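Subject: Structure handover

Hello,

The sequence and structure are below. My notes on what was found follow after them.

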Amino acid sequence: MLDAMSSAIERFSARDVLFADIRHEVRSATRLAVVNSALRKFDRTNRAGTVARVLVGECWGQASTTQAVTASTLKELLSEALRMARAGARYSKKRIEISHAKPLTMSVQQKMKENPQTVSDEEKLSFLVELDRAQKVDDRVINTNSVYDESRFETRLANSAGSRLEWDEIRMRAMVQSVAREGSKVQFDYAVKDGLAGYELVRAIDVNNFAGECGRGAVDLLSAAKPPSGEMTVVTDGDIAGLIAHEVCGHASEADEVVKGRSFLTGLVGVRVASDGVTLVDDGTIEGLRGTVPFDTEGTPASRTEIIGRGEYKGYLHTLETSARMGVLPTGNGRAQDYNHRVFARMTNTYFDIGKWTDEEIIEDTKDGLYVIRPTSGMEDVVGGGVQCLALKGYIIENGELKTLVRGMALTGKVLDVLKTVDAVGDTLQFSGGTCGKGEEDYIPVSSGGPHMRARMVVGGG
Amino acid sequence: MDKERIAGKLLSLSEKEGASQAEVFALTVKTSSVYIDDNIPKVADLKTEFGIGLKFVLGKQLGFTSSTLLSESPEDVVKRAKSVAHVSSEDPKFVSLPDPKVASGRMDRFFDKPTANAGSPELLEKVMMLVQAAAAKNVSVPNGVLRASSIDFAVHNSLGVRAGSMSTNVFGFFTAKAQDGGVVGEGVQRCWSRDLSKIDFPNLGNKLKSQAMSVLNATAFKENWTGIVAILAPSEGSEMVHQLVGSAASAENVNNRSSPWADKLGSQVAHKGLTVIDDGLSSAGLLSSVVDDEGVPTRKTTLIESGTLRSYIFDSYNAGVSGVSSTGNGLRRDPRDSLGRFSQPASCGVTTLEIPAGTKSLDEIIREVQKGVYIEHFAWPQVDPISGAFSNEARNACIIENGEITAQVKHCLLVGNMYESLTREVVASSDREVHDYCVIPTLAFSDLELVGQ
């Protein structure tokens with residue numbers, strides 16, 4: 001198939017075409033869900049599709065199909081993409097020369113200890129049944145949910161720079177969610193373990209700890225207090241720090257938002273934006289993390305990009321196009337959800353790097369504050385420089401000790417103000433995987449992380 | 001591919017492989033899109049996708065698989081579905097796939113041919129009308145997408161269901177950025193319709209511009225207010241109502257006990273002034289179709305009538321568990337984008353939630369508020385559907401004092417509990433808009449908290 005794709009690209013010529021590529025993807029997945037001790041879902045999916053992109057002026061045309069891949073189909077896709085690129089280019093103000101894309105010929109197969117396809121379905125189901133059982137730590141746990149998700153993305157890519165690539169990405173995910181009820185009060189807790197890995201990820205899970213803590217967490221939240229509201233000292237664990245890293249500066253560092261001047265971080269390279277203890281990194285090469293990829297969707301190898309280094313703003317996350325426009329090298333951050341979605345600048349694994357405090361020292365050093373854990377979601381504010389991070393629970397800190405458990409809350413603030421208030425950074429990294437949308441759609445696997453951190457933020461809880 | 005022929009073939013192969021029951025969902029989606037970047041059409045695309053979802057039943061054992069049939073044959077898919085069912089443990093709650101019933105009208109009842117045929121030239125023209133209306137010396141349209149889709153599905157099952165529906169959807173999302181020196185303001189507008197010609201793009205562009213300009217004057221809210229009224233624009237209220245009511249009224253969540261409305265049929269769950277309907281045949285709804293994604297005829301179901309919980313929504317599985325009929329709420333499609341939706345089994349979800357319009361205009365509602373806030377745009381409106389808690393950051397809002405708007409604000413949190421809010425008076429405006437899963441008016445909720453920086 002790669003030969004046919006390369007051949008179609010080589011034969012495709014038009015004077016105004018600046019770049020073209022064809023991608024063929026096969027996405028297969030196995031998903032099981034056990035709810036209240038019974039198997040509720042067992043799905044196996046297989047999606048395959050082909051997409052062609054063509055650049056004319058500064059506008060892209062893109063055509064995708066799920067029809068069989070033939071020389072004729074590929075030619076039609078390229079022609080259709082060209083037609084649409086030309087239609088858009090009537091409004092084009094410039095030409096984007098993607099001359100720095102290096103021709104690569106590689107075939108990369110993911111390394112793992114245990115291929116999940118060699119593990120029987122019965123064993124996977126048995127694992128979920130155990131997770132379900134372990135959540136029932138109390139009669140007040142009235143609903144248990146256990147999910148197993150294994151996915152394989154296979155990609156083949158040929159482009160007009162001469163690249164011929166094929167690779168796969170295998171991800172595993174185990175998730176539990178417990179719901180507890182007492183009278184009219186209903187609360188939930190969750191736990192997730194995921195990564196770019198084989199079945200060894202599942203084998204490493206201590207079922208009773210993983211699922212039992214989730215069940216206990218839901219029960220504990222039934223008696224949790226409403227959190228305080230207003231601006232206060234907040235200590236985050238690594239998961240919340242990761243969510244803040246992702247939402248606070250990650251999205252606004254995606255270079256497509258910078259070349260059009262939408263990001264509040266536009267033009268800030270070399271400027272101090274945070275306290276000395278803050279270093280923010282995006283790194284698509286970290287072994288085993290959910291956002292790790294051998295190549296981005298455009299075929300650029302993943303890399304490590306320092307976004308903020310010891311408080312100073314360093315650089316952006318690039319696609320082929322944005323790097324050409326800004327005269328730098330691509331960073332391997334051009335990603336698309338699948339063959340039906342656009343490629344633009346996206347994060348991989350984004351995290352605050354470590355400092356020198358232990359987690360305990362940060363808590364002990366905090367007289368009054370709020371310790372926040374268990375992220376649920378976040379939303380960036382690329383234009384205004386704000387942030388919204390939602391968390392499931394936390395503890396009030398009084399005189400250096402964790403006291404009252406509090407339930408769901410939002411953290412917000414002006415990013416550049418918040419980062420300048422960071423005065424303690426922990427020495428242990430913690431990552432959690434998730435799915436990142438940009439704006440309101442285009443979902444891709446990522447992870448985010450960080451150490452325990454302390455800053456001033458606005459809190460509001462319901 | 002011919003979806004009827006493929007569906008028939010997969011069903012026949014499944015029966016030959018020993019399925020006691022089988023169901024095939026075959027979906028063709030054609031979508032044209034234009035993405036705007038910095039006032040120009042950055043990407044124009046055409047996507048055509050065909051895929052099938054196959055449910056294979058062996059007695060009480062259920063398996064589901066899906067495929068685009070590009071890298072494998074129908075025989076491969078059926079064998080995989082059988083192997084999944086074979087490994088599955090028995091589900092004692094499963095009763096049956098749905099029986100055939102007469103659909104609620106012609107299958108093209110919610111289909112608009114010009115919208116289905118709209119390609120990138122038509123979308124380019126429309127979207128540039130919006131950009132030209134919005135763009136000014138200090139205002140640009142840095143982000144946007146407009147897409148038009150035709151959605152055509154067939155459902156065949158071994159009990160004789162041979163149904164399907166065709167529909168069209170248009171979705172647009174645009175932002176504008178206004179700048180005055182170092183001060184920036186962002187406007188956000190969405191548009192939803194089944195008919196491209198019904199959207200007034202120049203008007204949308206003008207709204208986008210004025211919204212972005214108005215945020216230039218917004219300042220961070222600095223106080224903490226409790227016991228206030230919050231008026232939510234339909235774009236924001238619709239998401240919160242859908243997340244809460246869609247989850248609490250879902251028979252799936254009722255049957256698994258995670259819904260706070262389990263065992264509450266006939267009870268007062270909302271203020272007596274509130275009525276909420278799920279209408280699979282909504283004239284404006286984006287998921288309207290003559291059958292749901294299991295081939296069950298769609299219908300109107302009153303969920304909350306004058307504050308009393310009257311019904312849950314049921315797909316065929318949960319209807320079987322509860323010993324009632326499906327309400328036509330077995331869904332796979334999504335109002336925003338139905339590409340790839342063949343790859344999951346139908347689940348219990350709302351079609352279109354409707355809240356009747358009230359009698360007052362937005363201005364009249366504002367005039368009656370002593371202390372409150374009008375939210376035009378949250379970072380993203382979210383509610384925890386299990387506890388009802390919410391805490392959402394307002395990015396564009398107006399402070400109301402003594403019946404008048406006194407300030408434009410941003411960066412503050414609206415905090416409350418939606419289950420509790422529903423039990424207090426909810427004031428609805430006289431005009432309604434379609435957004436995502438809802439057709440609802442502007443809604444005013446009382447006794448909430450506004451937390452400033």
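This is a predicted model: local features need pLDDT of at least 70, side-chain atom pairs count only at pLDDT 80 or more; totals for chains, interfaces and linings use all residues.

Two residues are in contact if their C-beta atoms, placed from the backbone, lie within 7 Å. Residues are numbered from 1 along each chain as its sequence is written, and chains are lettered from A and ligands numbered from 1 in the order in which they are written.

Confidence: the model has ipTM 0.93 and pTM 0.94. Chain B has a mean pLDDT of 96, with 100% of its residues at 70 or more.

Between the chains, 68 residues of chain A are in contact with 72 residues of chain B. On the chain A side, strand 2 (residues 38-56) gives the most, 10 residues. Helices (H or I, at least four residues) and strands (E, at least two) are DSSP runs, numbered from the N terminus. That side of chain A holds 24 nonpolar, 27 polar and 17 charged residues. Here Ala, Val, Leu, Ile, Met, Phe, Trp, Tyr, Cys and Pro count as nonpolar, Asp, Glu, Lys and Arg as charged, and the others, Gly among them, as polar.

Strand pairing also crosses from chain to chain: strand 2 of chain A and strand 3 (residues 61-67) of chain B run parallel and are joined by four bridges. Two strands pair if DSSP finds at least two bridges between them. A:Asn46 has B:Ser67, in strand 3 of chain B, as its bridge partner.

Next, the domains, whose bounds come from an automatic or database domain assignment. Chain A is assigned domain 1 (2-221) and domain 2 (230-461). Their centres, taken over C-alpha atoms, are separated by 22 Å. The contact takes 32 residues from domain 1 of chain A and 26 residues from domain 2 of chain A. Strand 7 (185-196) is among the elements of chain A that supply at least two residues of the domain 1 side, and the largest share of that side, six residues, comes from strand 7 of chain A.

Chain B is assigned domain 1 (3-216) and domain 2 (218-453), with C-alpha centres 22 Å apart. In chain B, 48 residues of domain 1 are in contact with 38 residues of domain 2. The domain 1 side of this contact divides into 22 nonpolar, 17 polar and nine charged residues.

A residue is buried if 20 or more other C-beta atoms lie within 10 Å of its own, exposed if 12 or fewer, and partly exposed in between, with C-beta atoms placed from the backbone.

Strand 15 (residues 371-378) of chain B is largely enclosed by the rest of the structure, because seven of its eight residues are buried. Four bridges join strand 15 of chain B to strand 8 (residues 224-232) of chain B in parallel, with B:Ile231 opposite B:Tyr374. Strand 15 of chain B also pairs with strand 16 (residues 389-401) of chain B, antiparallel, over seven bridges.

Regards

Note on methods:
pLDDT is the predictor's confidence in each residue, from 0 to 100.
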